[in-house]
Amino acid sequence: MGRPSRAVRAAITQRRTDAIDLRIAGVDWLTIGRKLAADPSINSDDVAYPQGYGIEKYEHGLEPPTGKQLIDMASRDLREALDERAAALSDSTDQLRQLMMERLERLFFPMYRQAVRNGDYQAVDRAVRIIERECRLLGLDQPVRTELSGPDGAPVQVEAGTLEELERLIGLAGGQPAERGEG
């Protein structure tokens with residue numbers, strides 16, 4: 001089987017867009033499957049949805065897909081559509097990242113030249129800031145490790161206090177302790 005024609009690919013794209021729209025609207029999987037089914041006998045609109053679920057069976061006069069099969073096809077269709085959108089978004093993000101890198105490179109050269117030739121400390125500062133921004137954009141910076149420790153680097157001691165101690169601390173901080181109900 002060869003690659004589907006442009007019209008078939010467009011119909012599949014439309015079906016996937018419709019599936020996403022229906023799912024966003026809160027429609028359940030079986031209803032989506034029925035709404036986008038190729039066979040009018042199971043399609044909730046009583047129409048043959050173009051390139052709908054079960055199109056191969058419908059074209060050959062076979063039994064339409066079961067409810068479980070419709071659910072499986074609709075969820076797989078949605079997953080593939082979302083994967084395609086994520087890939088497209090990733091591509092556009094990479095293109096935008098490249099554009100930002102080119103802008104930073106154009107800004108960097110004049111600052112670098114001023115810093116080196118003229119010993120201009122403001123240009124040095126700007127050049128370093130541009131380098132830092134490039135590193136963040138490219139993900140070159142190491143994550144900062146943060147630890148919470150007690151005195152002299154010892155582990156933090158956690159103690160359970162009583163309700164009276166908590167109320168006393170709240171009072172010291174200037175707050176009003178909550179009223180306790182007698183229960």
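This note walks through a predicted model, point by point.

1. Ground rules. In this predicted model, local features need pLDDT of at least 70 and side-chain atom pairs count only at pLDDT 80 or more, while totals for chains, interfaces and linings use all residues. Residues are numbered from 1 along each chain as its sequence is written, and side-chain values use heavy atoms, with hydrogens and water left out.

2. The nonpolar core. The largest nonpolar core holds 14 residues. Such a core is a set of buried Ala, Val, Leu, Ile, Met, Phe, Trp, Tyr and Cys residues joined through side-chain atoms within 4.5 Å. A19, I32, L36, Y53 and L70 have the most contacts inside it. Two or more residues come from each of α1 and α4. The most come from α4, which gives five. Helices here are DSSP runs (H or I, at least four residues), numbered from the N terminus.

3. I32. Neighbours within four places in sequence are left aside here. Beyond them, I32 is in contact (heavy atoms within 4.5 Å) with A19, L22, R23, V27, Y53 and A74. A19 and Y53 are also among the core residues with the most contacts.

4. D77. This residue sits in helix α4, residues 67-118. D77 is buried, at 3% relative accessible area. The classes are buried under 20%, exposed over 50% and partly exposed in between, with a 1.4 Å probe and protein chains only. Its side chain makes a polar contact with the side chain of Y53 at 2.9 Å. A polar contact is a pair of N or O atoms within 3.5 Å; within protein, one must be able to donate a hydrogen and the other to accept it, and residues adjacent in sequence count only if both atoms are side-chain atoms. Leaving aside neighbours within four places in sequence, D77 touches R15, R16 and Y53.

5. N43. The loop between α2 (29-35) and α3 contains N43. N43 counts as buried because its relative accessibility is 2%. Its side chain reaches two backbone oxygens: that of K35 at 3.0 Å and that of V47 at 3.3 Å. With neighbours within four places in sequence set aside, N43 is in contact with R34, K35, L36, A37 and Y49.

6. Most residues other than glycine have a negative phi. D46 has a phi near 60° and is not glycine. Q51 is not a glycine either, and its phi is positive at about 55°. Both D46 and Q51 are in the loop between α2 and α3. D46 is exposed at 59%, whereas Q51 is buried at 19%.

7. The largest pocket. Its volume is about 380 Å³. The lining has 19 residues, and I12, R15, Q51, I55 and E56 lie nearest the centre. α1 (6-24), α3 (55-59) and α4 each supply at least two lining residues. By class, seven are nonpolar, four polar and eight charged. A pocket is an open set of points on a 1 Å grid over the protein atoms alone, where a 1.4 Å probe fits, with protein on both sides within 12 Å along at least five of seven lines; lining residues have an atom within 4 Å of a point.

8. R126. Helix α5 (residues 121-138) holds R126. R126 is partly exposed, at 45% relative accessibility. R126 and I170 are 44 residues apart along the chain, and their C-alpha atoms are separated by 47 Å.

How values were computed:
Points joined across faces, edges and corners; volume = space filled by probe spheres on them. Nonpolar A, V, L, I, M, F, W, Y, C, P; charged D, E, K, R; others polar.
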